[in-house]
Amino acid sequence: MNKSVVVIGSLHYDIVVESSHRPLKGETVLGQRWYPKFGGKGGNQAVAVAKAGCPVRMVSAVGKDDFSIFLLDKLQAEDIDLRFIQQIEHTGSGMSVAIMDGEGDYGAVVVSGANLWIDTAQFSNDELWHNVGMLILQNEVAEAVNIAAARQAVKRQILVCINAAPAKTLSTDLVELIDILVVNAIEAEDMSSIAVHDLDSAKAAAIRLAKTYKQVIVTAGGDGVAFANDKESGTIAAQKIKVVSTLGAGDCFVGHLGAGLVRGLSLKHAVEVANAKAAEHVSGLQY
């Protein structure tokens with residue numbers, strides 16, 4: 001029986017606005033179009049795990065509003081287990097507005113909403129952890145939520161992976177519970193104090209971070225990805241593709257990485273697979 005993945009994190013109703021460029025301070029820009037998109041790092045990563053063929057349970061919270069219908073329908077369509085997603089009466093679902101420029105890059109503003117109200121009491125429910133091989137976390141929910149979940153996973157000898165995004169300082173309590181750290185170049189630079197501007201510097205940052213974390217992956221955008229643990233380190237160059245949009249690329253990478261590791265792939269092999277799937281994603285060939 002295949003091991004499952006538990007993803008604990010955010011769900012956001014994303015409004016994507018396409019424009020020639022992102023506005024500067026005080027500037028008004030006319031856009032070409034807008035559309036709704038399923039989002040939240042937790043939700044995106046859960047969908048990526050499911051698309052990789054791995055069973056997923058999602059733990060999150062939404063409001064009782066129209067946004068929640070959109071979000072839950074998407075998860076259900078991907079056959080993701082929704083039993084541990086709460087519906088909160090007194091607040092709206094999480095949402096964001098992302099502005100994507102002509103180059104496919106974007107910036108976003110996020111309102112967390114119900115994601116701030118995830119109930120940690122359910123983490124002690126053994127049914128949540130039945131036949132689970134990995135817990136995936138991010139930084140879009142309260143750190144207390146991540147710590148409570150990671151403690152339950154560690155107690156059950158389940159791997160804990162955190163995508164430490166958006167960048168923030170992780171407490172010692174959380175760091176001690178983490179098996180796999182995934183960060184992008186900006187986050188890696190912030191955590192390692194090594195300027196990441198190419199694959200060599202990404203590898204140097206990964207090696208330094210591997211002195212604290214058991215396994216480290218640093219995604220370096222168009223350059224590729226670096227990885228390190230106490231036995232090996234290496235880099236994988238980015239595939240040469242035409243970028244349609246970078247929106248959600250990191251989440252696609254994390255989901256496929258987690259699914260690969262749960263299936264028993266080596267760190268290097270799992271990173272290679274995740275790198276290829278992220279390339280498909282940004283080229284518009286996936287999702």
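Trainee: Why is H12 called buried?

Mentor: Buried means under 20% relative accessible area, exposed over 50%, and partly exposed in between, with a 1.4 Å probe and protein chains only. H12 has 2% relative accessibility, so H12 counts as buried. This is a predicted model, in which local features need pLDDT of at least 70 and side-chain atom pairs count only at pLDDT 80 or more, while totals for chains, interfaces and linings use all residues. Residues are numbered from 1 along each chain as its sequence is written, and side-chain values use heavy atoms, with hydrogens and water left out.

Trainee: Where does H12 lie, and which residues does H12 touch?

Mentor: H12 belongs to strand β2, residues 12-19; a strand is a DSSP run of E with at least two residues, a helix one of H or I with at least four, and both are numbered from the N terminus. Contact means heavy atoms within 4.5 Å. Leaving aside residues up to four places away in sequence, H12 touches, among others, K37, F38, L71, M95, N115 and E140.

Trainee: What makes helix α1 largely enclosed by the rest of the structure?

Mentor: In α1 (residues 41-51), 10 of the 11 residues are buried, and therefore the helix is largely enclosed. Among these buried residues are K41, N44, Q45 and V49. After α1 comes G53, which has a positive phi, near 90°.

Trainee: Which residues of α5 are buried, and how do you know that they share a side?

Mentor: Helix α5 spans residues 185-192, and its buried residues are E187, A188 and S192. They cover an arc of only 110° around the axis, so they lie on the same side of α5. The arc is that of the directions from the helix axis to the C-beta atoms. I186 and D190, on the other side of α5, are exposed. The cover over the buried residues of α5 includes β10 (180-184), α6 (199-209) and β11 (215-219).

Trainee: How do you know whether the chain agrees with a compact globule or departs from it?

Mentor: The radius of gyration is taken over C-alpha atoms, and the globule rule is 2.2 Å times the number of residues to the power 0.38. For 287 residues a compact globule would have a value near 19 Å; the chain has 18 Å, and therefore agrees. Buried residues make up 53% of the chain.

Trainee: How many helices and strands are there in the chain?

Mentor: The chain holds 8 helices and 13 strands.
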